[in-house]
Structure formats: structure tokens, C-alpha cells
Amino acid sequence: MSTTAKMASPAVEVIDLAGVKKRREKGDQVFELHVPEFRIKRGEFISIVGESGCGKSTLLDMLGLLLTPTVCQRFHYSVRHPLPGADIERLNAPQLAAIRRRDMGYVLQSGGLLPFLKVRDNIRLPRRINGLAPDSAAVTRICDRLGIAGQLPKLPAFLSGGQRQRVAIARALAHEPPLVLADEPTAAVDKLTAREIRDTFKELTAQMGVTVIVVTHDLDLMLPVSDRAFTFELVKASGSHTISTCVEKPIG
Amino acid sequence: MLRLALADLRHEWILTACLMLAICAVIAPLLLLFGLKYGTIETLRHRLIQDPKNREIRPLSSVSHPKEWFETMRSDTQVAFVTPMTRQIASSVAMWVRESAPDSKQDLDLIPTGDGDPLVLENGAPVPSLGECVLTEFAAEAIGASVGDVLTMEASRMRGSRRETGTTELKVTGIVNRRASAIKAVFVPLSLLEDVESFKDGLGVPAFNWPGDKPLAYPLYDGVVVSTESPLPTLLQSRLRANTGFTRIASPAPAALKATLGYTIPETQSNILLSTELRPLADSSLAAVETQIRGYGATLLPWVRELKGTLTITGTADTRSVRIVALPEDGKRIGILPEPPWDKGSDEQIHAISALVHPDLAGQLPSADLVLGQTDQPLTIPLQLIATEGVPADTIMVGARTAGILRLATTRPLSFDASSGHFLLSRRGYAGFRLYARALEDVDGLRRFFENRGIPVHTEAQRIQTVIEMDRYLTLIFWLIATVGIGGSMASLIASLYASVERKKRELSVLRLLGLSGPRLFRFPLIQGGFIAGGAYLLAWGFFTAMAAVINHLFRGHLQAGESFCYLPVSTAILAGVIILGLACLAATAALIRLARIDPAEALRDE
């Protein structure tokens, strides 16, 4: 699918990657991540599953525009309909930062909250950065749904792990981005809490029509709510050269 | 962003305070160092320039300087003030407050002063006029006097075994600042010192009714004619040069002798002219000659060398240059021509003012003024003219003793006291002086001026040079220390802020992840760095102010009003602040540039 074709018709794929490769070297160890094809449709809930070291975080960072691919046939982004999409390679750093700021929300493994800001201010941060009003009805609703309305005046340090992850989700959704990237959002909490957080997360993103990409090692936890899943196939090309290829994992 | 940055600092206030203290710890000593350097050098420089004592040029030996010399010095542009000084020994007097008991008297030194004396004027006192005085602080303490008091001054001298005193009263018009003089001294007009000196020399001072002698002038001669009826033995002739002061002996022909003397000695006389090439001789030399020729029936005719004066006939505009000839009274005995009308043994001082002149010169009023000397202090003598045949028109003839005194007038100043008809010795010159250069820079030039003229002087040139050199060395040492200090504080500042940015890696990465980039992201550590450095600087400044106050307090005994040992001008303080803030921003930027190269992804998952 070409850029022109996509610009002419409403894009179905919000993310469209083809022939993307990322090479990383650490000492004499070479790691290559190959992504032959990675297409995500609007509103999908995607899981990227794999053991640690398989490159799932690398893929997420590329999707989050924090890392640039070493080789790339196509890296097309079209999250904000009906605005025309863009080929990532053509954009400069401020433009990439603008997409991150506006179009994406992040949920990090350990929350990634700023320790010096109160919960309320942490949640407001993306709205402030985007020049939006600090509060909105949506934010209030999200906080209520996540059950953190009572935690707003506290500093993150006084929250439990589960509460921190909920705040992280609230922050990722606060500026109502069309895409949310989550890196092991439930890795640091117990199974029960993880399931609760997962369900609330799924519910909120579904209501808001947000496209979600979750990186996880816990396929069992995420599979029930995922529309599709991707995984990795590792091949040792030589003693120190590992190639990991991202492939879709059929569900069901 | 500002709020975000400050919220972070507040959240970690202990660390923020630590950073501030750390940076303050390196800045504060630097500020102190700067302050001390600036304060001490400025104080010393200020003192050197301000204190007139440092502009003083003091003679180390006493050489007599004539009055004209002081006039010349006064007109020198490098000289701010000069006053003659009497002999040191003559300046000591006793003083006490008039109303107090006389046994409270103290020996004080008189110091001559005059208009424009910087030592008095720049130390908070007016220049005293006649009947007034200014005390040094030590003198005022010693006799317990304050401004407005009337003091009794007592000069004393020994005459034989008798102690004589002369007193006068002086009003205290001022007390000079302590720095002016470390001795118990009194500033008075020069004339009072001259009077005290005269009194101590045994003379009287009519102005204060102090009894004593008059400084009578004495005659000086350049030679003497020994006139005898028959020639003196050759052996005796040669003896006349021994211990008499005369160095030359001649027997001129009568014509030559007339030309030399100005009058005629009868040809029957045998004459020897004894003379001196060097300094003229006094009466004692004549007495010595007289002793040698006793019993030979010789007549001594004192002689003075070519002596010129200006004669102004009273009542006319007739002013002419005349030759003054000594016409010895004793010549009458051997019949010299013209014949002297005076008798030896009469009051010489009185008849000294009568003179023989050509008949044409004595007009209706037989009087005239004779002016001697071309200096600015000419000696004017009123003359009684006696018209006498045989006196040339360009010559006046006076008694030998009068001529001798006029000869003296060519070597030192005299005055004529018309009331008594006495010639009096005027002050010859001054043993010393007090001289102040106009500016510090003139001191060395004046010192060379005096030393080139063989007058060794003491100046503060050495001290001035020392301060200038000390300034240079201190500046050098200061910069060496400052370089190390500045280097250290820069390193510390950069390290601290770099470390704080490093520590903020995760937070900065999160902000980057949230879409902050470029200038907006940079502002975060810049604001923090600026805030920490600014706070540290303010802290250091407070520390400096406190320490400076302590230092200035400790040294207050050595300081005068308005002086500080430790001081920084505001401009320097601002400059230092700007430099420190600049460095802080530089450090933060350096840390950020390094941070920007790291993948934010790595920073996020490094934990």
C-alpha cells in the first residue's frame, strides 16, 4: 500500500511497517530485529509477546518513535484520522517529538511517574505539555473508573504498585491520544491486581477507540483481551549473532 | 516548565540544599579572597594618596637655605607646600593651659606652618595665624587642652648659669588628626619659631618684650694696608701672613695703591698691602696683624674690595651707581687725602651713615639713600652727605668700619635699624624645611631634584614603591590562588550540576517520552542549574558579607572612617554572579548534550 493511496482514502491501518530492521551491537554480540510486516488497524488491542531479550522493547521503542530503524522499507504512521499520515524517515526530531506528544500515550513498566509531582500533576502533565486545559471531564471519568480519584493529592511515592500503574494509565490517556503504547504495564503487580488493571485498561481504551499496543511476557494475561498478537522467532546466525523476527501469532 | 523544575528542586530540597552548599563552599572563599585583595590594596593606596605625610620630603641634614630658595621652591609646580624650619634645638618650648597650674607644663616641639599646609589642613585643623596654634592629638592629651583654650608658651635659655624665660600666649584653634604626627607638637606660624630661636640665641624679641641682645652686624675686610714711615723688616713682613688670615702680601707703587684704595697716602709712607683671596676677614684678623707690628709705629688702613651701590639723592630723580670706598679714620694720622672727617673712637655706628661725596652730588638737602645688593631683599641705608673736594663723582667714601659692614652685607642679609643707627644681622637662612609634594607621583622627582643638589632627603618614595610592588605581587599571588580557586569551583560547579542532570536522567527521559524535546527539554536542567548556582551565590554573598564584617571589625583599630579591609564593589559582585550563572548553564548544557545521545529507551529501562 502506497502513501498516496492511503492519503486518498481513509486509512484503515494506523501503523504500517514493512521490511524494518534494527541492528544493535553490544560488545561482540550482535542482535538484529527483523519486522517483515506489521500492520495495525484503528482501535485494535495488540499484544507483543516474548521472552526478555527477544527485542519486544526495541520494537515498542521504534513504534514510539524513540528509536530509528537501521533499515526500513516502509514506516508509515497515520494515527490521527483524517489528517494525512506520514513516513517516519522524512520527519525530523521535533516533528517526531510532536507526534509523541500529541498522538501517543505511554504506560511504562514501573509507571514512569515524576516523583516530584503529585498524582494530579502527573496526570495533568501531558495535557499541559500539549497546551490543553489541565482538567477535563474525560480525565475525571478515567480517574474515577481507575479508582484513583482519592489518590490525586498524593506524591507517587506514597502509592502502591498497582495504584501507580493505574495513575500511569490515567496519564497515558489524559490527553486522549489515538495510540497508547504499554510496556509490561502489569509486570510489577500481583496477578489479581494485574487482571483488574488489564480489564479497566481494555475497557477505557475500547470506549475511547484508542489503538493499544502492549508489550508483555505474560501471554495468558493479555491474550483474552487482545485482538491480535505478535511474537518473535529467534535464530542464531552465528555464535554471537542473533536474529529475531517479529511474526504474527494466530489467536485461538 | 519553571514550575516543573522548581517542583523537582523542592521535592528534593535536601539534595538541592547540599548542592547549593557545595557550590557556595567554593565560591565564598573566592569572594573573600577577592574582597581582601581589593579592600587591603585600595585602603593602602587610598591612605598613601590621602595622607599628606606620604607626600612629605624631609631633609636629612641641615643645610642653610636662604629665603630666596624658598621662594623658588614655592613656585615649583611639583611643590604643594614648603615652609622654612628653624634649628631643631631651638624649637622646644614648655606649654600649659593658662588657667591650669604651671607645674602641668609639658615640653612640646614647635612646628612651623603656613597657608596651605596640607598636614594641618588635611587633618582637620585650620592653619593658625599669629597668636594661635594647632596641637597634635598627643600634645593636646599631654597638656589637657582642647580647641578654644589659651595656652602659655614658655621659651627658655641659659645665660651663663642663669636660666631666662620668655612667655607668650597662644589660642588653640585646632587639633590635628592622630595620623598627622606621633609626637607632642604644636603648629605655629613660622615667625614665632624665628622669635623663639632668636631668644634662645640670646637675642631679645621686642614683640613679646623678651629681653636680650641685638644681633649687631660686624665688619669684614678684604685686606689691610700697613703704613709705616720706614719699611718693615723682611722677616716681619713674612710673619704678617702667619695666623692672620691674610694670604697675599704686596708693596704696590703709589699710583697702583691709589687705584686700589680710592684715596691717596702721602708718598713719604712705606706701604704693604695684605689681602685675602678667599673669604673676607673680621676684626680679629686686623688685631692679629696689629699684634705683629706693635712697636713699629704702623698705621692700619682696612680695605674692602670693589663694592658697588645705588645712590638716590633725596628730593631728586638722581639715581646713580657708585663705588663705595673705605676711608679709614686712622688715615688722618698719616694725612691721607681726602681727609676722613671722623674721629676714631666716636660712636662708629652713628657716624657710619655719613659719607663723603663729590660737591656736585650734595644738593640742597644733603641726604641720600644708598641701596646695596641686587637681591630681592636689598639693604637701604639713609646717608648724610658731606660735600668734599677730591672725591670722584662716581664714588662715595664711608668710614672703614661702615664699609666693612657693607662688605658683610654682600655675604648675608642685614637690616639697618634707623632708630638706633645700628646695622643688625638678619636671618641668614633656615636650617631646614617642611616640604610636601603636590601629588604622590611628584615625590620621586623631587627626591631626585634634591639629591642632585647634594641635599639628602627622606621620602616615603620607598614605601610608595613598596606598596606598588606589593600590589603587583599580591595581584600575582592572588591570581594564582584565584586561578586554582576558580578552576576548582568551576570543576565543582560543573560536576555538581552534571551529576544532578545525570541523576535526573530518568525524569528527563520520561519528559522526553511525553514529547518534550529541544529547547523545552533543555530548559528543565538550565533552570535548575541556574537556581542552584544563583542560590549558592546568594548564600556565598551572605557568607562573604558576614565574614567581611567580622574582618573589618577585627581590624577596626587599624582602619579610619570609611575604610574597609575586606570589600567588594557591587559591579564586581554582579560580574561574579553572572559568571557563575553562565558556568552553571554551561555545565547543565554539557550534561544535557551527553544525555541527548543516550537512547531514552535505555534510560527508561536501566533501572
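At what angle do helix α15 and helix α17 of chain B pack? The first view below shows this pair. This is a predicted model, in which local features need pLDDT of at least 70, side-chain atom pairs count only at pLDDT 80 or more, and totals for chains, interfaces and linings use all residues. Residues are numbered from 1 along each chain as its sequence is written, chains are lettered from A and ligands numbered from 1 in the order in which they are written, and side-chain values use heavy atoms, with hydrogens and water left out.

**View 1. Helices α15 and α17 of chain B pack at about 65 degrees.** Helix α15 spans residues 505-513 and helix α17 spans residues 570-597, with their axes 11 Å apart. Axes are lines fitted to C-alpha atoms, for helices over the stretch in contact, and angles run from 0 to 180 degrees between N-to-C directions. Helices (H or I, at least four residues) and strands (E, at least two) are DSSP runs, numbered from the N terminus. From α15(B), the contact uses B:K505, B:L508 and B:R512; from α17(B), B:L592, B:L595 and B:A596. Contact means heavy atoms within 4.5 Å.

**View 2. An open antiparallel sheet in chain B has 4 strands.** Their order is β10-β11-β9-β12. Strands β10 (248-250) and β12 (299-303) of chain B stand at the edges; each has a single partner strand, so one side of each lacks a neighbour in the sheet. From one strand to the next, the twist averages 20 degrees. β10(B) pairs with β11(B) (residues 270-275) over 3 bridges. Two strands pair if DSSP finds at least two bridges between them. B:A250 faces B:L273 in β11(B).

**View 3. Strand β1 of chain B pairs with β21(B) and with β22(B).** β1(B) covers residues 56-59 and joins β21(B) (residues 432-437) in the antiparallel sense over 2 bridges. Here B:E56 stands opposite B:Y436. β1(B) and β22(B) (residues 457-459) also run antiparallel, with 3 bridges. B:R58 stands opposite B:H458.

**View 4. Confidence in chain A is lowest in helix α1 and highest in strand β3.** Mean pLDDT (the predictor's confidence in each residue, from 0 to 100) is 86 for chain A, and 92% of its residues reach 70 or more. Helix α1 (residues 3-8) averages 38, whereas strand β3 (residues 45-49) stands at 94. Over residues 1-11 of chain A, pLDDT stays under 50.
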